[in-house]
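Here is a short note to read beside the model, with the points numbered so that each can be checked in turn.

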Amino acid sequence: MAAPAATPRDGTARLTWLMPLLAPVAGGLVTLSLAPYNLWPAGILSCALYCALLCTCTPQQALWRGWLYGLGMFGSGVSWVYVSIHVYGYAPIPLAVLLTVLFCAGLALLQALFAWSYVRWVRPLPGGMLLGFPVLWVLFEWLRSWLLTGFPWLYLGYAHLDTWIAGWAPILGVYGLSFISAISGSCLFLAWRSRQPATAVTYTVILATLWAGGAVLRPIEWVAPASREPLTVSLYQPNIPLEKKWDRAWLPHILAQYEDASQALYQYDIVLWPESAVPRYFQDMQRWFTPLAERASDRESTLITGIPYRGDSGGEYFNSITALGQGSGVYHKQRLVPFGEYVPLEDWLRGLIAFFDLPMSHFSPGPADQGPLRAGAYRVAPYICYEVVYPNLVAGAARDADLLVTISNDSWFGDSIGPLQHLQMARMRALENGRYMLRGTNNGVSAIIDQRGRILARSEQFVETTLNGEAQVMLGHTPFGSFGVTPMIAGCFLALLVMGLMHRALWRED
């Protein structure tokens, strides 16, 4: 026999007319839970409201409600792309608004698919409303990490870097924290819906186990310092205006600024410059770099800088990072930003508007089997800008590294919330992998982050500054660092499989 239809024991059916208004508000709460607002309970409340929105509706209604939820979530959380489209892509305001709306509306389609899948396939399963909701949520976050090259932004788990459940991050990663956040929301909704003391006790026990478990795990030291003497590091933030960075007339000024600022920095073990610090191909600037590399080598210092590279064949161009002086190696960025570093459907779009012809938008992705950079005797895992938001990509390179470095140019997003969200994700990568993270940017926020995801030093935005400090090389690996996202994602698929088999055994007859 078929599974019985859900029967509303609450007032959700009588609030149908409110759903189109409630859905985008619920989605917007996800943004409030993340940086720079950091109102972490808002993400849990968002999930509770989402469960209420989907608890009695049909799959067709779920499509509409899920899309509205996604529109509120992405419209509030990633609409900062407007800055790069209008201010730096020179698109007129109406066109920039249209492209931003289309971008957010397109991302919201994934939430529509989530809602439809949940109502159609997962909600009827045994435990579907309790366990199925967070399991499916995590799988859709994971889907966003690779579909169409991926956009792994606005994950629920990032809100909990400083809460009790952060103790789970070195084991389960950000997806594990997203799961706990989502199941906290489903527990709250189901307790409110049932209003029975016995069920309330059950959900309280579930929440207490997960949250108290995180508190118990949090003090555990998964890694240990390799030596008593940390590395000394210096991060130079030049704050070069983006409209001048790619102007050939400004190149002498840019080179002079870096030379002057770095004179006193080679006393540090590592000197870090940001993404595309020198806006010309490395092969064209070797004569300029040679004396800098010699000076760094004489002082036993390593200069790590972002700079574009030409491929050996001459037909490929890479967004790269290289180590000079006491360091060595070159890394070519693998995960490119659409339109910023390459143009999808290039034959059709190139030349239509200035946004499709941004400087350095002809890059090719680097190979997947690149090794770490070297900084003296130490191995450095490099990530360029957007790459640090990919949990599995970072974990894969971090296994063979003593230190993590990410360089970025968040100038493209002005004074929006985008750069602060980016910093929050870099903190999570440090916590997941038990490694110090050095984050060098053009105009902020540059930061030194320890193996627990704590910011030891950070720069102000929109100022030229030098951030000096220490970074400890760590030994050992966290469970997440060893296995990446595979256990968590496999566990979610397994949970759905078990619920499906239980559903077949309980509600189906051959």
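1. In strand S11, Met437 is the bridge partner of Leu404, and the chain reaches S11 from S10 by way of helix H14 in a right-handed β-α-β crossover (right-handed if, with the strands pointing away from the viewer, the path from the first strand over the helix to the second runs clockwise). Helices (H or I, at least four residues) and strands (E, at least two) are DSSP runs, numbered from the N terminus.

2. This is a predicted model, in which local features need pLDDT of at least 70 and side-chain atom pairs count only at pLDDT 80 or more, while totals for chains, interfaces and linings use all residues. Residues are numbered from 1 along each chain as its sequence is written, and side-chain values use heavy atoms, with hydrogens and water left out.

3. S10 (residues 403-408) pairs with S11 (residues 437-441) in the parallel sense over five bridges, where two strands pair if DSSP finds at least two bridges between them. Ser408 has Thr441 as its bridge partner in S11.

4. S9 and S10 also run parallel, joined by five bridges, and Pro382 has Val405 of S10 as its bridge partner. Together, S9, H13 and S10 form a right-handed β-α-β unit.

5. Six of the six residues of S10 are buried, so the strand is largely enclosed by the rest of the structure (buried means under 20% relative accessible area, with a 1.4 Å probe and protein chains only). Leu403, Val405 and Ile407 point one way from S10, whereas Leu404, Thr406 and Ser408 point the other way.

Notes: Buried < 20%, exposed > 50% of the residue type's maximum accessible area, 1.4 Å probe, protein only.
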